[in-house]
Amino acid sequence: MSAYAETLHHGPAKGISRWILTTNHKDIGTLYLVFSLIMLFIGGTMAFVIRAELFQPGLQLVMPEFFNQMTTMHGLIMIFGAVMPAFVGLANWQVPLMIGAPDMALPRLNNFSFWILPFAFAMLLSTLFMPGGAPDFGWTFYAPLSTTYAPPSVTFFVFAIHMMGISSILGAINVIVTIFNMRAPGMKMMDLPLFVWSWLITAFLLIAVMPVLAAVVTMVLMDVHFGTSFFSAAGGGDPVLFQHVFWFFAHPEVYIMVLPAFGVISEIIPTFARKPLFGYRAMVLATVAIAFLSFIVWAHHMFTVGMPLTGELFFMYTTMLIAVPTGVKVFNWISTMFRGAMTFETPMLFAIAFIVLFTIGGLSGLMLAIAPADFQYHDTYFVVAHFHYVLVPGSVFGIIAAVYYWLPKWSGKMYDEKLGQWHFWLSFIGVNLTFFPMHFVGLAGMPRRIPDYALQFADFNMLTSIGAFLFGTTQLLFVYILIKTVRSGKAADQLPWEGARGLEWSVPTPAPYHTFTTPPELNKE
């Protein structure tokens, strides 16, 4: 029985009170992961509504106002409710284990930072049932849509965002204090696993940008209720100021959702390639560089607002520059796999798909970085294709890969490999069928966030909707695999990936925190 399973049977509190009052980092990690899975399905259901409406031209399923509410809520729930809590859950589980700490540094704060979230999202979802409906101004809540023309529920939306931000800041403080103060004796910073490094850098990003989000939603609240004119030109304000402040938060936020996935992939690839990670120090420095550059590229979302040519050039070049450390990471992952004794279990399949598809998203991001070209792409489905290639095969595949990879350690049980492979291939096909056609309709001029479209886009939209339903329903298989593993999975080996697919030689954990040798038979030319 695993140590975690023992705490399940012999913990001091029983039943639901144990989960409410727990200060155990493993319990809290599990709570985060289960919560994010629930939010994934709620946000995914909203995506189903969007894609059902867009299955064919014309308005057939929902009113345009409700369509706008669905696009707004889908974005907010997927970002703040699914992806971010899942990575915090992974951090709670793995960071103490990886640095030899008994728990997180601030266990009661850890409990508090989780339990803020259900109340925040209950408040956000309750706006669907309020007079005037849920927020309908897009997840970016641009002024004046969120100030002058907002439904009354905007107040509850603002409070919900504040609560999510508080939860993120508290969680980030906990991660930083834990890593700095509770490492095993003799463990230097450059001995840390890359997942821990990626989360340390992510935590600093969270602390830097969440107050900016708090500031901008507070200014929205003041404009709505207290007669200020931060974003109203009639009162001497500027709607474009909103975009500057919002994107100064939101662009680092994109990397907050991706850097932990980089850390996960940097753990998985060496394990299944049976080689140490290529260029550990370069990977750490590349992560730091990405985090730094993410603060000076925000206005590439705003090329069409009429900024000076000098500003456009600056943001165009800095956006291109951020591709360099990202390219270093991709190169190092591929170099790690090169001539490795690779096997292709489910975590490795998701990791390889991450590298390939995230790179596609990065290349379309380079296209969007070119200011004169962005004038054509802006607010089309090409942008939707770009950021979904970054966030679904990026963040979501990274989370799924991590769950498969660490599930034997967490539960003491082994998942069904055949079902895991089915889950991967159906997800892989579904993701590409959903988002790849969006590149074509976007380049042809189909605008985003509109519930109807011209007839020439009908075929690609039908393909996209079929792919979305395939990808979404496939995640029910993921839930089945998880439940089956915990309830009736075979007992996992002490080193579950050691003898994967018949390779029976010893495979210790990848560098930098263990050393190992390549089997002699693999050194022969």
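Phe-141 and Phe-242 are both buried, a word that stands for under 20% relative accessible area, with exposed meaning over 50% and partly exposed the range in between (1.4 Å probe, protein chains only). The model that shows this is a predicted one, in which local features need pLDDT of at least 70 and side-chain atom pairs count only at pLDDT 80 or more, while totals for chains, interfaces and linings use all residues. Residues are numbered from 1 along each chain as its sequence is written, and side-chain values use heavy atoms, with hydrogens and water left out.

The structure holds 48 aromatic pairs, where rings of Phe, Tyr and Trp (its six-membered ring) pair if their centres lie within 6.5 Å, and planes under 30 degrees apart count as stacked, over 60 as edge-to-face and the rest as tilted. The ring centres of Phe-141 and Phe-242 are 5.6 Å apart and their planes stand at 75°, so this pair is edge-to-face. Because Phe-141 lies in the loop between helix 5 (107-126) and helix 6 (154-181) and Phe-242 in helix 8 (residues 239-256), the pair ties together parts that are 101 residues apart in sequence. Helices here are DSSP runs (H or I, at least four residues), numbered from the N terminus. Tyr-405 and Trp-406, by contrast, form a tilted pair, since their ring centres are 5.5 Å apart and their planes at 50°; both of these residues are buried.

The backbone of Phe-141 also deserves a look. Most residues other than glycine have a negative phi, and most peptide bonds are trans. Phe-141, although not a glycine, has a positive phi of about 35°, and its relative accessibility is 2%. In the loop between helix 5 and helix 6 one also finds Pro-144, and the peptide bond that leads from Ala-143 to Pro-144 is cis, with omega near 5°. Asp-379, in the loop between helix 14 (371-377) and helix 15 (381-411), likewise is not a glycine and has a positive phi, of about 60°; with a relative accessible area of 36%, Asp-379 is partly exposed.

Helix 9 (residues 259-273) and helix 13 (residues 346-369) pack at an angle of about 125° with their axes 9 Å apart, the axes being lines fitted to C-alpha atoms over the stretch in contact and the angles running from 0 to 180 degrees between N-to-C directions. Contact, meaning heavy atoms within 4.5 Å, involves residues including Phe-262 and Ile-265 of helix 9 and Met-348 and Phe-354 of helix 13.

Note on methods: Helix = DSSP H or I, 4+ residues; strand = E, 2+ residues; numbered from the N terminus.
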